[in-house]
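Me: I am new to this structure. Can you walk me through how to read it, one feature at a time?

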Amino acid sequence: MADKYIPQEIEPKWQARWEKDDLYRSAPPGAKPKYYILDFYPYPSGEGMSVGHARNYVPTDVLARYYRMKGYNVLHPMGFDAFGLPTENTAIKLKTSPHLLNERYSANYVRQYKLMGLSYDWSRLINTAHDDYYRWTQWIFLQIFKSWYDPRKNAAAPIADLERELSEHGSQAIFDYIDTHAEAVGVATKDTPPVTAQQWNGMNRRERNDYLMNFRLAFRAESVVNWDPVDKVVVADEEVEGGRAWRSGALVEKKVIRQWFFRITAYADRLSDDLDTVDWPEKIVKMQRNWIGKSEGAEVKFEIGGGNLHSPVSDHITVFTTRPDTLWGATFMVLSPEHPLVSEVTTPEQRAAVEAYVAFARGETDEQRTAETKEKTGVFTSGYAINPVNGARIPIWVADYVLMGYGTGAIMAVPAHDERDFAFALKYGLPIIPVIDRPERTAKSLVFPSSVREGFRTELEKAGIEFYAAPVGNVGEGLYVTLHGDEQIDGYVTLMRSFLQPNNWNEIVGAKWLFVFDDSASGGGVQALDSVEADRRILQRCKAIYPPVRDNRTVMEMLNHLPFYRDVLFHAEYGRMINSGSFTGTPGDVARQRVTTWLTERGVGKRRVNYKIRAWLISRQRYWGTPIPIVHTPDGEEALDESELPLRLPDVEHYEPTATGESPLAEIRPFVETPRGRRETDTMATWACSSWYYMRFADPHNDQAPFGQKEIAYWMPVDMYVGGAEHAVMHLLYSRMWTKVLYDLGYVPFIEPFKALRNQGLILSPQKRMDEKGHEFYEKMSKSKGNVITPDEVVAEQGADALRGYEMFISDFEQTVPWSTSGVPGVRRWLERVWRIVLAPEEDRGQPTEFSTRELRRVAHQTIQKYERDLLNFGFNTVVAAMMEFTNALFKARDAGLAGTPEWNEAIDILLRLAAPIAPHIAEELWSRKGHPYSIHQQPFPVVDEAAVKEDEMTIVVQVNGKVRDRIQVPVRAGEEAIKQAALASDGARRFMDGKPPRQVRYVPGRLVNIVV
């Protein structure tokens, strides 16, 4: 009788053996093909891992084991992203050192990984809080600091090259290039003035350093930042969700301080374009492109006028617009509350109101200010600007829905074709003039009761014009008309002019934008809503005819009171230009380009590319992070020499955040004070360490460089990167930027770090909860909610292999699902069946059944085929399902007496090799007990026998008069006539033919036979 399967006995035994033999150590670079599979490395917390974390690690381990068996040199490493707030906050709370906590937490994670039998190359373990790692983070920072982005090369270059050019030629050529190559907008700080060679050479060292900060890829600048009042730290825009800090959940505040940034804006275009080269989920690619936010348009200059038209021009406001074709519809301008020209354009009479509004806006988050549901607010400055395309004098407002961080912080408001501007204009009574035709050429007209002569309805019907009759408020029945196309609109206008009653008007809204007045009266005829002057003239005439509309300030406000019109008052689609001077009639597909060229020729605008992405804020006012290797000297910020690295964190027993918001390092005088000057006391955000760790794994013990060139060229890029979608913007975007910088500087030979990316779904708590509305839901696992299930408890009860199998089997890889307490025992039962069928196939035999050796080989090799196909498509759940079906087939083959045959032995060998990546411990144990040489994990993966896979028979559906009456098995190679005869002879066919001869027998190859009687 076979021994009982007891995973708690066999698993520790094999884990110890594998570790002793260093079984999973990656070989040095060589001739073997490589496969680099990497998990998003974790932040080690005090709670350790949950079964949710294992959802990431188990499938990648299965892939690593598979590729080893396929003959690849596999790199499957692990490390810890150990700096950051959680450990720091815990250390402050416990009044201990985060160093000690980091070591304790990391050791616990390693224990859990080994408990699950994960095949990491432990010789490559890295920890970002160890100085042998962050030394090279600092080294890379210095390479970035000592570089700038040369737009002419479209690549990073040494800052020394820029200094040489400035000394010989000045910077004008660089800015001229940026002006004519719009994609280069992010390579230098906005509004940096050009200098001549003479000016540069006349600067002292401090002035030169300050000027170079406008170009460096790592630079320090004063900025408005997000301040987390709970964690007492600056957080990047990407770390703020709904106005709250990503980690603490506190509402962020705005502060102005000097911070360190990386000029990721210089790489915006490449970061967007190179997404075409990677195999990533479409949703992740879309999220990155949206974050980069590339938009093409024009930068336009609006002269600032005084309080009246004759005031001299004092300055100009620059606006970025993606729709220069709508300039003729700009009826007002809006500045961000933070715009530097707000105070200049505000008149003394409005200053108090404007300053109060600006103070109010500063208390709002960007998310609050731009929320779609937020009512638009603003204040008039009493200043004016001049629209450069038509000389119109337009009012300047300040409004919080315009952000300083996007474009220029000023917009030309085109309310007819921008939804936010439309709502603002309606609220404040500002003119709305359509300048883009509706592409679908739809218009509406509401015919008021008694406004037309008898017979008008009949004429509408004759003309085939769409309308319906319905009450108009409480004034009687009107006609609601919808017009399609210019011909119908023109015909309707002619009809209306002949039927309109005296002292009435009718409007055509949505296309053409016409008002028809009684010809017999002064101001009669057809008037177009084509300018601000026309808006005033039309509104004045309407008020004279119908006094109830006298409270309206604009024509569009009057029309908006009629619900029938609201779906055609505004549209944002590209279309033919209208009401736009000489450009009227320009097709929408060429309008933007033609207008931009015209603006450039007149010197009032130029083509520009804008990006939503902002410089990457890297500073943190924290102790527990990589020290920034910069010294503040009388000559400005200067880099440490590379020989001075690592710049280590000073040892402290414990510490507190400073009251000023400075880093705790600022209060450690031996660290801060140096003969050269004051050290930088900010540390780098953890994103810096995680932006290159995948490279360090290629050569983790190199103490001369971050990595060797041979190693990095062999292993990189990562072939498969697996982790959560929550890092789609930050970590992945930052890693891509660092890779491109190092590529430009010649340190790496690849432009993208991760060839393929896959995201796993979350595993939720198994307990259902109910919200306040009575809806049931599953919670996330969290220690605070007391619902965490750890790998430790599952392994102790069911074994690591059962846990691994269920982590694969639970659902599709990317799906979020609740944990099932009955799921792991189900997989355990399958493993017990594997144990029995391998070691004691003759025990407890079932009833004899039919199962041929040919069928056994077919099932075995079809399983290999399905296993590989699904595994490579991340169909881990169907891989396990196929293995369970294969196990069932083996029991059937046993009951048919096939145990001990060559085909049986081949099938058992295949079963064990296929099980090895999924359940490595039981596979190793059974392999050993079958007398095979150690280790199964060094054996080749089974190869499909294509001949064995082919089916001998196929199932053919038998229909009689179109209805299914039977199914028959026929040889795959059977001819058509033989299949027809077999169908006619089937029990189902004979029963439903009832002795009648067939009129027709039709065969659909490989599928069915239809008998017609």
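Me: What does the protein chain average in pLDDT?

Reply: This is a predicted model. Where pLDDT is low, the predicted coordinates should not be read in detail. Here the protein chain averages a pLDDT of 92. A score of at least 70 is reached by 98% of the residues.

Me: Over which residues is the pLDDT below 50?

Reply: Look at residues 307-314, where the pLDDT is below 50. In the model this stretch has 13 contacts beyond near neighbours in sequence. Treat that stretch with care, because coordinates at low pLDDT should not be read in detail.

Me: Now the strands. Is strand β16 mostly covered or uncovered?

Reply: Strand β16 spans residues 393-399 and is mostly covered. Of its 7 residues, 6 are buried.

Me: Which way does β16 run against β14 and β15?

Reply: Take each partner separately. Strand β14 (residues 332-335) runs parallel to β16, joined by 3 bridges. On that side, Met333 stands opposite Ile396. Strand β15 (residues 378-386) runs antiparallel to β16, with 7 bridges. There, Tyr384 stands opposite Pro395.

Me: How many residues lie between β15 and β16 in their hairpin?

Reply: The hairpin has 6 residues between the two strands. In the turn, Gly391 has a positive phi of about 70°.

Me: In what order do the strands of the open sheet with β31 come?

Reply: The order is β26-β31-β27, with antiparallel pairing. The edge strands are β26 (619-620) and β27 (626-627), and each pairs on one side only. β27 meets β31 (residues 683-684) over 2 bridges. Thr626 has Met684 of β31 as its bridge partner.

Me: Next, the nonpolar cores. How many residues has the largest one?

Reply: In soluble globular proteins, nonpolar side chains tend to be buried together. The largest nonpolar core in this model has 205 residues. Tyr113, Phe141, Met695 and Trp819 have the most contacts inside that core.

Me: Which residues line the largest cavity?

Reply: Its lining is Ala416, His417, Pro434, Ile436, Arg438, Gly510, Trp513, Val568, Leu569, Phe570 and His571.

Definitions and conventions:
Residues are numbered from 1 along each chain as its sequence is written. This is a predicted model: local features need pLDDT of at least 70, side-chain atom pairs count only at pLDDT 80 or more; totals for chains, interfaces and linings use all residues. Side-chain values use heavy atoms; hydrogens and water are left out. Two strands pair if DSSP finds at least two bridges between them. Helices (H or I, at least four residues) and strands (E, at least two) are DSSP runs, numbered from the N terminus. pLDDT is the predictor's confidence in each residue, from 0 to 100. Contact means heavy atoms within 4.5 Å. Buried means under 20% relative accessible area, exposed over 50%, partly exposed in between (1.4 Å probe, protein chains only). A nonpolar core is a set of buried Ala, Val, Leu, Ile, Met, Phe, Trp, Tyr and Cys residues joined through side-chain atoms within 4.5 Å. On a 1 Å grid over the protein atoms alone, a cavity is a set of points where a 1.4 Å probe fits but cannot get out, and a pocket is an open set with protein on both sides within 12 Å along at least five of seven lines; lining residues have an atom within 4 Å of a point.
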